[in-house]
Amino acid sequence: MKEIAINIRAQNKPGVLRDITDMMARCGVNITYTHLFMEDKDSASIYMELEDVRNVERFVEQIKNFQEVLSVDMHRSMGEIYGKRIIIIGGGAQVAQVALGAITEADRHNIRGERISIDTLPLVGEKELAEAVLAVGRLPRVGALVLAGSLMGGKISDSIEKVKNEHNVAVISLNMPGSVTSKADLVVTDPVQAGVMAVMAIADTAVFDIKRLRDLKF
């Protein structure tokens, strides 16, 4: 059944989210993604992507019947709007060059109907980078992670291994000193080319499979 996306504005009171999700459970609706944020001290927005909604109009009316609900709006899902995500983490200069290649290549595929978005985080420090890599596993719709730096290893490598084991994320690394290159699925020397290959690895409109490469270092 087609997935729907809704944004619920409601009063900021304890139990409001619980009551809404209880109603959804009784209707047999499955929540596939949710994000809650405060708009001000009196109201909050709850964005949800849902499946198994049999009668959308009636379902929306049921939500509006809650006294605390201020408004309900329908939207396209984040997957339809932003699509698959590529996360680029590392030193500012390297991140910028990887992003150049990734954005240019993503544009080529998005013109043909895909949706691929690029997220960047210039960051230094082993602990900080390791935390950022682990956090990728908690982000939705991530297809590839690119490590762009001059030296990475230690806890960063441990984080890469954990993300690869627990999530379906392709990991691409620039060619650099450190143990990160031994954990990555693909090692690329040129940062612009690394960005291009990251997009090609996750694009539905590209014929490219990292697992079929004989040499995983370029």
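Me: Where does Leu123 lie in this structure?

Reply: In this predicted model, Leu123 lies in the loop between strand E6 (116-122) and H5.

Me: Why is Leu123 called partly exposed?

Reply: The relative accessible area of Leu123 is 22%. Buried means under 20% and exposed means over 50%, with partly exposed in between, so Leu123 at 22% is partly exposed.

Me: What does Leu123 touch, leaving aside its neighbours within four places in sequence?

Reply: Leu123 is in contact with Gly90, Gly91, Glu128, Leu129 and Ala132, once neighbours within four places in sequence are left aside. As for Pro177, that residue and Leu123 are 54 residues apart in sequence and 17 Å apart in space, C-alpha to C-alpha.

Me: Let's turn to the rings. What makes Tyr33 and Tyr47 an aromatic pair, and why is the pair called edge-to-face?

Reply: Ring centres must lie within 6.5 Å to pair, and those of Tyr33 and Tyr47 are 6.1 Å apart. Planes over 60 degrees apart count as edge-to-face; here the angle is 65 degrees, so the pair is edge-to-face. The count comes to one aromatic pair. This pair links distant parts of the chain, with Tyr33 in strand E2 and Tyr47 in strand E3 (residues 43-51), 14 residues apart.

Me: Now the charged side chains. What makes Arg9 and Glu39 a salt bridge?

Reply: A side-chain nitrogen of Lys or Arg has to be within 4 Å of a carboxyl oxygen of Asp or Glu. Between Arg9 and Glu39 the N to O distance is 2.8 Å, and their side chains meet in a salt bridge. In general, side chains of opposite charge can pair when their charged atoms come close. Arg9 sits in strand E1 (residues 4-11) and Glu39 in the loop between E2 and E3, 30 residues apart, which links distant parts of the chain. Arg9, at 28% relative accessibility, is partly exposed, and so is Glu39 at 36%.

Me: How many salt bridges does a search of the whole structure find?

Reply: The search finds ten salt bridges. One of them joins Asp42 and Lys41, whose closest N and O atoms are 3.4 Å apart.

Me: Why is Lys41 called exposed?

Reply: Lys41 has 67% relative accessibility. Exposed means over 50%, so Lys41 counts as exposed. Asp42 has 49% and is partly exposed.

Me: What makes Lys84 and Asp204 a pair that ties together separate parts of the sequence?

Reply: Their side chains meet in a salt bridge of 2.9 Å, N to O. Lys84 lies in strand E5 and Asp204 in the segment after H8, so the pair ties together parts that are 120 residues apart in sequence. Lys84, at 25%, counts as partly exposed, while Asp204, at 63%, counts as exposed.

Me: Which residues touch the most other members of the largest nonpolar core?

Reply: They are Ile86, Ile88, Leu145, Leu147 and Ile156, in a core of 43 residues. The elements that each supply at least two residues of this core include strand E5 (84-90), helix H4 (92-111) and strand E7 (142-148). The largest share, six residues, comes from E7. Apart from this core lies another, of 19 residues, among them Val16, Ile20, Val29 and Ile63.

Me: What is there to notice about the phi of Asp52?

Reply: Most residues other than glycine have a negative phi. Phi of Asp52 is near 70 degrees, a positive value in a residue other than glycine. Asp52 lies in the loop between E3 and helix H2 (56-64). Arg141 also has a positive phi, near 65 degrees, and its place is in the loop between H5 and E7.

Me: Which residues form a nonpolar patch on the surface?

Reply: Leu17, Leu36 and Met38 form it, with about 250 Å² of accessible area together. Leu36 is found in strand E2 (residues 30-38). A patch residue needs over 30% relative accessible area, and Leu36 has 43%, which makes it partly exposed.

Definitions and conventions
Residues numbered from 1 in each chain as written. Predicted model: local features only at pLDDT ≥ 70, side-chain atom pairs only at ≥ 80, totals over all residues. Heavy atoms only, no water. Patch = residues over 30% accessible without salt bridge, like charges linked within 9 Å, V, L, I, M, F, W, Y side chains within 5 Å. Areas by Shrake-Rupley, 256 points an atom, 1.4 Å probe, with all protein chains shown as cover. Helix = DSSP H or I, 4+ residues; strand = E, 2+ residues; numbered from the N terminus. Buried < 20%, exposed > 50% of the residue type's maximum accessible area, 1.4 Å probe, protein only. Core = buried A, V, L, I, M, F, W, Y, C linked by side-chain atoms within 4.5 Å. Phe/Tyr/Trp six-rings, centres within 6.5 Å; stacked < 30°, edge-to-face > 60°. Contact = heavy atoms within 4.5 Å.
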